[in-house]
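Here's a quick tour for anyone opening this structure for the first time. Have a look at it, then read on.

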Amino acid sequence: MIPTRYDYYRACAREHRLLAQGAPNEDQRLMHDRLVGAYTHLARKYALRQRVSLRV
C-alpha cells in the first residue's frame, strides 16, 4: 500500500517525538519539538476530509 501524505507526515511527527524524548540536551529537544509541530500541521492539512451534504 502506498502511504498518503497524511500517513507520511504523521510518521515523521511520531519519529521526531521519539527523538525529542531521547534528546541529550535542551537545544536538540526543542528542535525536534518544533519539527513535531510542523509535521503535525502538515498532516492535518492533508488529512482526508469527508464531505457532508444535507438533503432537504
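## Ground rules

Let's start with a term: a residue is buried when its relative accessible area is under 20%, exposed when it is over 50%, and partly exposed in between, using a 1.4 Å probe and protein chains only. Helices are DSSP runs of H or I with at least four residues, numbered from the N terminus.

This is a predicted model, so local features need pLDDT of at least 70 and side-chain atom pairs count only at pLDDT 80 or more, while totals for chains, interfaces and linings use all residues. Residues are numbered from 1 along each chain as its sequence is written, and side-chain values use heavy atoms, with hydrogens and water left out.

His 32, Val 36, Thr 40 and Ala 43 are the buried ones to look for in helix 2. They sit on the same side of the helix because they cover an arc of only 80° around its axis, going by the directions from the axis to the C-beta atoms. Helix 1 (5-21) is part of what covers these buried residues, with contact meaning heavy atoms within 4.5 Å. Turn to the other side of helix 2 and you find Asp 27, Arg 34 and His 41 exposed.

## A salt bridge in the helix

How many salt bridges does a search of the whole structure find? It finds 1, where the term means a side-chain nitrogen of Lys or Arg within 4 Å of a carboxyl oxygen of Asp or Glu. The partners are Arg 29 and Glu 26, at 2.9 Å from N to O.

Both belong to helix 2 and are 3 residues apart, about one turn of the helix. Arg 29 is partly exposed at 29% relative accessible area, and Glu 26 is also partly exposed, at 43%.

## The tyrosine cluster

Rings of Phe, Tyr and Trp (its six-membered ring) pair if their centres lie within 6.5 Å; planes under 30 degrees apart are stacked, over 60 edge-to-face, and the rest tilted. That rule gives 3 aromatic pairs. Tyr 8 and Tyr 9 have ring centres 5.4 Å apart and planes at 65°, so they are edge-to-face.

Tyr 9 and Tyr 39 are stacked, because their planes are at 25°, with centres 6.1 Å apart. This pair links distant parts of the chain, as Tyr 9 is in helix 1 and Tyr 39 in helix 2, 30 residues apart. Ring pairs join Tyr 8, Tyr 9, Tyr 39 and Tyr 46 into a cluster.

Conventions:
Helices (H or I, at least four residues) and strands (E, at least two) are DSSP runs, numbered from the N terminus.
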